[in-house]
Amino acid sequence: MSNKRKRHVLSMEQKIEILAKLDKGETSVSLARIYNIGKATVTDIKNNRHAIMDFASKMNSDYGIKRKKVMRITKYHDLDKAMEMWFIQKRSLNEPISGPYLKKLLR
């Protein structure tokens, strides 16, 4: 039997917490124990600080930061934004949006 540790993927929120704790002076070893990750992972997070913070600042909500684990933007980012804007406009006019309604629009 192998004693290989189970892979543990951190959310963006946890990575930001680690960066904040590093700024307060906590050691990489203690953070690795707390989050059940390797010391090298903590070092990687520290070295990727700017990319992590930039990505987190571009996210729309705290909900996304809590759930998102990979710094990857969707392939259809512009389309997603356009659909979100359309949806908000329709809802502000109190227009119902349903599956059948959307199918009718796409025909």
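Predicted model: local features only at pLDDT ≥ 70, side-chain atom pairs only at ≥ 80, totals over all residues.

How are H1 and H2 oriented to each other: roughly parallel, roughly antiparallel, roughly perpendicular or oblique?

Helix H2 covers residues 28-35, and its axis lies 10 Å from that of H1, at an angle of about 150 degrees. Since angles over 145 degrees count as roughly antiparallel, H1 and H2 are therefore roughly antiparallel to each other. Their crossing is right-handed. On the H1 side the residues that meet H2 are Gln-14, Glu-17, Ile-18, Lys-21 and Leu-22, and their partners in H2 are Ser-28, Leu-31 and Tyr-35.

H1 also packs against two other helices, H3 and H4. Two packed helices are described by the angle between their axes and the distance between the axes. The table lists these values for each pair.

| Helix pair | Angle | Axis distance |
|---|---|---|
| H1 and H2 | about 150 degrees | 10 Å |
| H1 and H3 | about 85 degrees | 10 Å |
| H1 and H4 | roughly 130 degrees | within 11 Å |

Helix H3 spans residues 39-47 and packs against H1 at about 85 degrees, which makes H1 roughly perpendicular to H3. In this contact, Lys-15, Ile-18, Leu-19 and Leu-22 of H1 face Val-42, Ile-45 and Lys-46 of H3.

Helix H1 runs over residues 12-23 and helix H4 over residues 49-58, and their axes cross at roughly 130 degrees. That angle makes H1 oblique to H4. The crossing of this pair is left-handed. H1 contributes Met-12, Lys-15, Ile-16, Leu-19 and Asp-23 to the contact, while H4 contributes Arg-49, Ile-52, Met-53, Phe-55 and Ala-56.

Asp-23 and Arg-49 also form a salt bridge through their side chains, with an N to O distance of 2.8 Å. Because Asp-23 belongs to helix H1 and Arg-49 to helix H4, the pair ties together parts that are 26 residues apart in sequence. The whole structure holds 2 salt bridges.

A further feature is found on the surface. Tyr-76, Leu-79 and Met-83 make up a nonpolar patch there, and together they have about 330 Å² of accessible area. Of these residues, Leu-79 is located in helix H6, which comprises residues 77-92.

Notes:
Residues numbered from 1 in each chain as written. Heavy atoms only, no water. Patch = residues over 30% accessible without salt bridge, like charges linked within 9 Å, V, L, I, M, F, W, Y side chains within 5 Å. Areas by Shrake-Rupley, 256 points an atom, 1.4 Å probe, with all protein chains shown as cover. Salt bridge = Lys/Arg side-chain N within 4 Å of Asp/Glu carboxyl O. Helix = DSSP H or I, 4+ residues; strand = E, 2+ residues; numbered from the N terminus. Axes fitted to C-alpha atoms, helices over the stretch in contact; angles between N-to-C directions. Parallel < 35°, antiparallel > 145°, perpendicular 65-115°, else oblique. Left-handed = near helix turned anticlockwise from the far one by under 90°. Contact = heavy atoms within 4.5 Å.
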